[in-house]
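Open the model in your viewer and keep the sequence panel beside it. This tour tells you what to select at each stop and what is there.

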Amino acid sequence: MPVVETVLGPVAAHELGEVDTHEHVFLRTPVNPGDEFLDTDKAAAELLRVAASGIRTVVDLTPVGLGRRPGQLAEASHTSGIHVVAATGFHRSAHYPAFHWARQADDATLLDVLLDDLRVGMDSHDWDFPRPVPSPHKAGIIKLGASYHRIDRHEERWFAAGAAAARSTGVAVAVHTEIGTAAHAALDLLDKHGVPAGRVLLAHTDRNPDPELHLDLIARGAYLVYDTIGRIKYRPDSVVLELIERMAEAGKLGQICLGTDVGRKSSLISYGGGPGMDVLGRDFVPRLRRRLGHEAVETVLRYAPQTLLAKESSAT
């Protein structure tokens with residue numbers, strides 16, 4: 001039976017229910033100074049709102065060094081009843097200061113960090129201290145990041161480490177594409193390192209709402225996550241609905257996932273902001289159901305993410 005590793009242990013893929021495939025339950029990054037969110041009670045409150053909206057699983061794509069709190073993440077998961085799939089990996093290089101150890105570490109160390117998070121348990125200090133303290137909470141996906149229109153030399157090394165960890169453990173790889181760019185380059189680089197496109201989730205592709213590009217990426221086997229739902233500063237949600245409709249017309253909904261990717265405390269209701277992590281289930285899903293029907297909703301919230309997240313049993 002295909003399984004997915006959550007912070008509270010392995011879960012059969014079909015038991016994940018409806019999945020928000022890109023979130024951040026805790027986050028701290030120099031890219032958004034002063035907009036970090038690290039409060040456990042507020043995290044649980046936000047996830048309770050997500051549960052009330054009909055979502056049953058969130059994929060927390062916060063990678064190494066950006067405020068992961070595995071023990072508190074498990075606590076928020078338990079309190080809310082939401083399955084949480086946590087990430088290991090490395091973001092695009094802008095998220096790591098010039099002195100960060102990940103820029104200097106050798107290839108073996110980079111890989112060991114990821115494998116420890118996936119096989120032993122995420123480091124309780126998020127690898128911020130020289131002596132790791134493994135938690136019992138394992139990561140279940142690898143997150144990598146590409147820069148705008150390019151993959152820089154640091155990111156290339158992190159892609160290599162992420163690909164090696166994916167091959168060893170059978171988990172999927174999610175890739176941050178900056179405003180939807182460098183998606184083909186990311187697939188090319190991962191393929192070079194032995195990870196086929198069918199095990200890759202490309203984030204933020206809806207920031208570049210080009211249906212021909214999306215169909216080309218899907219034709220290579222990749223999954224896309226439209227994950228800026230409710231982020232009206234980028235474009236109205238009607239644009240995403242139209243993209244989903246185009247993918248449905250092409251018979252490719254089985255490779256489309258959805259998410260909210262809340263990356264600032266000012267976007268969270270528990271911190272007095274909005275639209276809230278629950279905007280996907282609360283506002284967007286009813287609109288999608290009215291437009292394309294129940295089966296389409298089941299495909300993008302259940303079938304596609306559950307298939308992607310399930311571990312491959314043939315891992316080395």
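Select T29 to begin. This is a predicted model. Is T29 buried or exposed? Its relative accessible area is 8%, so T29 is buried, because buried means under 20%. T29 sits in the loop between β3 (19-23) and α1. Now show what surrounds it. Leaving out residues up to four places away in sequence, T29 touches L66 and H95. T29 and I229 are 200 residues apart along the chain. Their C-alpha atoms are separated by 21 Å.

**Stop two: T40**

Move on to T40. This residue lies in helix α1, which covers residues 40-52. T40 has 14% relative accessibility, so T40 also counts as buried. Which residues does T40 touch, not counting those up to four places away in sequence? They are F26, R69, Q72 and E75. Keep E75 selected. T40 and E75 are 35 residues apart along the chain, while 7.8 Å separates their C-alpha atoms.

**Stop three: α1 against α2**

Turn the view to look at the crossing, which is right-handed. Now show the side chains in the contact. From α1, select T40, A43, A44, L47, L48 and A51. From α2, select Q72, E75, A76, S77, T79 and S80. Sort the contact by class, and you get six nonpolar, five polar and one charged residues.

**Stop four: α7 against α8**

Here is another helix pair. Select α7 (residues 211-219) and α8 (residues 237-249). Their axes are 10 Å apart, and the packing angle is about 50°. That makes α7 oblique to α8. Which hand does the crossing of α7 and α8 have? It is right-handed. On the α7 side, the contact uses P211, H214, L215 and I218. On the α8 side, pick L243, R246 and M247. By class, this contact has five nonpolar, one polar and one charged residues.

**Stop five: the nonpolar cores**

How many residues does the largest nonpolar core have? There are 82. Select the residues with the most contacts inside this core: L190, L202, Y226, L258 and F284. Then colour helix α5, residues 153-169. Helix α5 gives the most to this core, with six residues.

Zoom in on L190. Setting aside residues up to four places away in sequence, L190 touches L144, F159, A163, V173, V175, V195 and V200.

**Stop six: E5**

Go to strand β1, residues 3-6, and find E5 there. E5 has a relative accessible area of 9%, so E5 is buried. Show its contacts, leaving aside neighbours within four places in sequence. E5 is in contact with P10, V85, K138, A139, G140 and K311.

**Stop seven: backbone details in loops**

Switch to a view of the backbone. Select G274 and P275. What kind of peptide bond joins G274 and P275? The bond is cis, with omega of about 20°. P275 is placed in the loop between β10 (256-258) and α9 (279-292).

Next, select W127. W127 lies in the loop between α4 (107-120) and β6 (141-145). Its phi is near 60°, a positive value in a residue other than glycine. W127 has 12% relative accessibility, so it counts as buried.

Finish at H149, in the loop between β6 and α5. H149 is not a glycine, yet its phi is positive, about 65°. Is H149 buried or exposed? At 55% relative accessibility, H149 counts as exposed, because exposed means over 50%.

Methods:
Residues are numbered from 1 along each chain as its sequence is written. This is a predicted model: local features need pLDDT of at least 70, side-chain atom pairs count only at pLDDT 80 or more; totals for chains, interfaces and linings use all residues. Side-chain values use heavy atoms; hydrogens and water are left out. Axes are lines fitted to C-alpha atoms, for helices over the stretch in contact, and angles run from 0 to 180 degrees between N-to-C directions. Helices (H or I, at least four residues) and strands (E, at least two) are DSSP runs, numbered from the N terminus. Angles under 35 degrees count as roughly parallel, over 145 as roughly antiparallel, 65 to 115 as roughly perpendicular and the rest as oblique. A crossing is left-handed if the near helix is turned anticlockwise from the far one by less than a right angle, and right-handed if clockwise. Contact means heavy atoms within 4.5 Å. Ala, Val, Leu, Ile, Met, Phe, Trp, Tyr, Cys and Pro count as nonpolar, Asp, Glu, Lys and Arg as charged, and the others, Gly among them, as polar. Buried means under 20% relative accessible area, exposed over 50%, partly exposed in between (1.4 Å probe, protein chains only). A nonpolar core is a set of buried Ala, Val, Leu, Ile, Met, Phe, Trp, Tyr and Cys residues joined through side-chain atoms within 4.5 Å.
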